[in-house]
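Colleague: Can you put the model up? I'd like to go through the fold with you, then the charged pairs and the core.

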Amino acid sequence: MMHRGWRAAGIIAALVMGCGPLAAQVQDTTEIARLKAQVEAITRELEELRLGRELVVPADTSVLGFGPAASKVYKTGQGVSIGGYGEVMYERFAATREDGAPSGRTDQLDALRAIVYVGYRFTDRVLFNSEIEIEHANTEQAGGVSLEFAYLDFRLTPQFGVRAGLLLPPMGLLNELHEPPVFLGSARPETERQIIPSTWRENGVGVFGEAGRFTYRVYLINGFDAVGGGPSRAEGFEASGLRDGRQGGSKAVAEDFAGVGRLEVAAAPGLRLGVSGYLGNSGQHAPDPSAPGRTIGARTGIWEGHVEYRARGFDLRGLFAMANVDDAAAINMARGLSGSASVGERLVGWYLQGGYDVLRHVRTSHQLVPYLRYEALNTQDRVPAGFSADPANDRRIVTLGAAWKPISNIALKADYQVERNAADTGVDRFHVNLSYLF
């Protein structure tokens with residue numbers, strides 16, 4: 001860093017001392033252009049020296065499954081890295097449901113997220129990375145501030161490392177890589193919100209690495225809180241899915257732990273295939289109302305497989321996920337749930353999505369990607385005996401839209417969603433989403 005500073009200072013001094021004679025002698029525009037380019041390069045170098053090169057690493061590639069902005073710390077030299085992303089969403093709902101009854105939904109315009117990544121690289125082998133999220137703009141109204149992840153990496157070899165802290169379970173296509181300019185769709189697929197409850201973070205420790213075309217991550221983390229009511233303020237599993245069982249790293253009840261892992265292969269240029277799984281108890285030693293003196297186990301398993309192809313203008317992906325919850329009847333009793341409000345014993349969801357950059361063969365840096373997604377999910381695919389499934393949780397969602405990117409770090413997405421369910425209460429909606437990352 002000092003050598004670059006002395007070199008830059010020396011070049012500036014030489015230019016200043018020689019500018020009089022040079023101005024008198026140099027007339028051709030080629031030489032003037034060269035000098036301007038040299039001065040601009042020196043200016044950029046001095047700016048990097050002033051800020052630290054770590055702050056100006058571009059957010060242009062993903063590392064170890066994280067988004068481009070979250071990956072900046074992996075590409076820096078020693079020191080601080082800063083990145084971030086954000087999105088604003090306009091949501092307009094249909095006035096009526098599919099059965100013709102009033103929808104009762106209110107249109108809204110929301111500063112959905114503003115994120116800051118702060119990382120620090122101590123050495124080539126040790127680094128810290130974190131994501132701080134502000135949701136819905138204002139904590140005095142509907143908003144909140146949370147720590148999305150905060151972990152230390154210890155890279156023991158190029159192929160193997162240890163990670164510990166507040167971690168993102170490595171499941172699905174969006175939980176780790178959720179920066180909105182990177183994926184198609186204004187809203188995240190419901191399968192990756194209710195079955196894989198993105199964005200999902202828990203405290204834990206694990207290993208990560210790569211071997212040839214394969215990458216892997218395996219963690220031990222605190223389990224869900226299926227019943228809720230503990231110090232983490234998790235509300236527990238619901239008929240709509242597992243989302244409210246997340247503990248989020250906040251005073252998480254740690255009577256039960258779970259293992260989660262992912263294996264992915266770069267099968268061909270632009271093509272990756274992967275599987276991931278989660279298994280652990282979620283009862284957190286809550287009393288079992290059906291068996292006095294015993295606790296609820298609530299073993300929970302989530303399994304998913306995914307495929308993604310991003311090359312030659314195509315952006316294609318597909319995902320299938322299934323979850324199983326033991327002791328669902330006991331969870332219902334502990335939570336006071338009855339009838340069709342039952343927690344699902346089995347939850348199933350999948351989606352297919354495709355888009356193509358229609359400007360790929362045009363001489364422009366812009367991208368225009370029309371896209372289509374079809375999704376089906378049922379968070380009560382099976383319920384315990386004595387309970388019923390709410391047909392509104394058996395859903396089909398079709399999303400048709402387009403994304404325009406003036407540069408790769410900024411996206412304007414607009415789409416229309418048609419939602420149908422077995423209860424005929426689906427509500428269509430129109431989304432516009434403006435997002436960025438840096």
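Colleague: How many helices and strands does the protein chain have?

Modeller: Keep in mind that this is a predicted model. The protein chain has 16 strands and 4 helices.

Colleague: And among contacts between residues at least 6 apart in sequence, what share joins residues at least 24 apart?

Modeller: That share is 61% in the protein chain.

Colleague: Let's take some strands. How do E2 and E3 run, and how many bridges join them?

Modeller: Strand E2 covers residues 108–121 and strand E3 covers residues 126–135. They run antiparallel, joined by 9 bridges. The two form a hairpin, with 4 residues between them.

Colleague: Which residue in E3 does Tyr120 stand opposite?

Modeller: Phe128.

Colleague: What about E3 and E4, how many bridges there?

Modeller: 10 bridges, and E3 and E4 run antiparallel. Strand E4 spans residues 144–157.

Colleague: Changing topic. How many salt bridges does the count come to?

Modeller: The count comes to 24 salt bridges. One of them pairs Asp107 with Arg92, with 3.2 Å between the closest N and O atoms.

Colleague: What is the N to O distance for Asp99 and Arg97?

Modeller: 2.6 Å, and their side chains meet in a salt bridge. Asp99 counts as partly exposed, at 39% relative accessibility. Arg97 also counts as partly exposed, at 27%.

Colleague: And how far apart are the closest N and O atoms of Asp394 and Arg396?

Modeller: They are 2.9 Å apart, and the two residues form a salt bridge. Asp394 is partly exposed at 25% relative accessibility, and Arg396 is partly exposed at 35%.

Colleague: Which residues are linked in a network of salt bridges?

Modeller: Glu190, Arg193, Arg395, Glu419 and Arg429 are linked that way.

Colleague: On to the core. What percentage of the residues is buried?

Modeller: Of the 438 residues in the protein chain, 45% are buried. The chain exposes about 20500 Å², with carbon and sulfur atoms supplying 60% of that area.

Colleague: Which residues touch the most other members of the largest nonpolar core?

Modeller: Phe66, Phe237, Tyr278, Ile302 and Ile331, in a core of 48 residues. At least two residues of this core come from each of E2, E4, strand E7 (214–222), strand E8 (257–268), strand E11 (314–325), helix H4 (328–335) and strand E12 (346–356).

Colleague: Which of those gives the most?

Modeller: E11, with 4 residues.

Colleague: What does Phe237 touch, not counting residues up to four places away in sequence?

Modeller: Its contacts are Phe224, Asp225, Ala226, Leu242, Gly245, Ser282, Thr300, Val325, Ile331, Arg335, Leu337 and Val343. Ile331 in that list is another of the residues that touch the most other core members.

Methods: Residues are numbered from 1 along each chain as its sequence is written. This is a predicted model: local features need pLDDT of at least 70, side-chain atom pairs count only at pLDDT 80 or more; totals for chains, interfaces and linings use all residues. Side-chain values use heavy atoms; hydrogens and water are left out. Two strands pair if DSSP finds at least two bridges between them. A salt bridge is a side-chain nitrogen of Lys or Arg within 4 Å of a carboxyl oxygen of Asp or Glu. Buried means under 20% relative accessible area, exposed over 50%, partly exposed in between (1.4 Å probe, protein chains only). Contact means heavy atoms within 4.5 Å. Accessible areas come from the Shrake-Rupley method with a 1.4 Å probe; for residues, only the protein chains shown count as cover. A nonpolar core is a set of buried Ala, Val, Leu, Ile, Met, Phe, Trp, Tyr and Cys residues joined through side-chain atoms within 4.5 Å.
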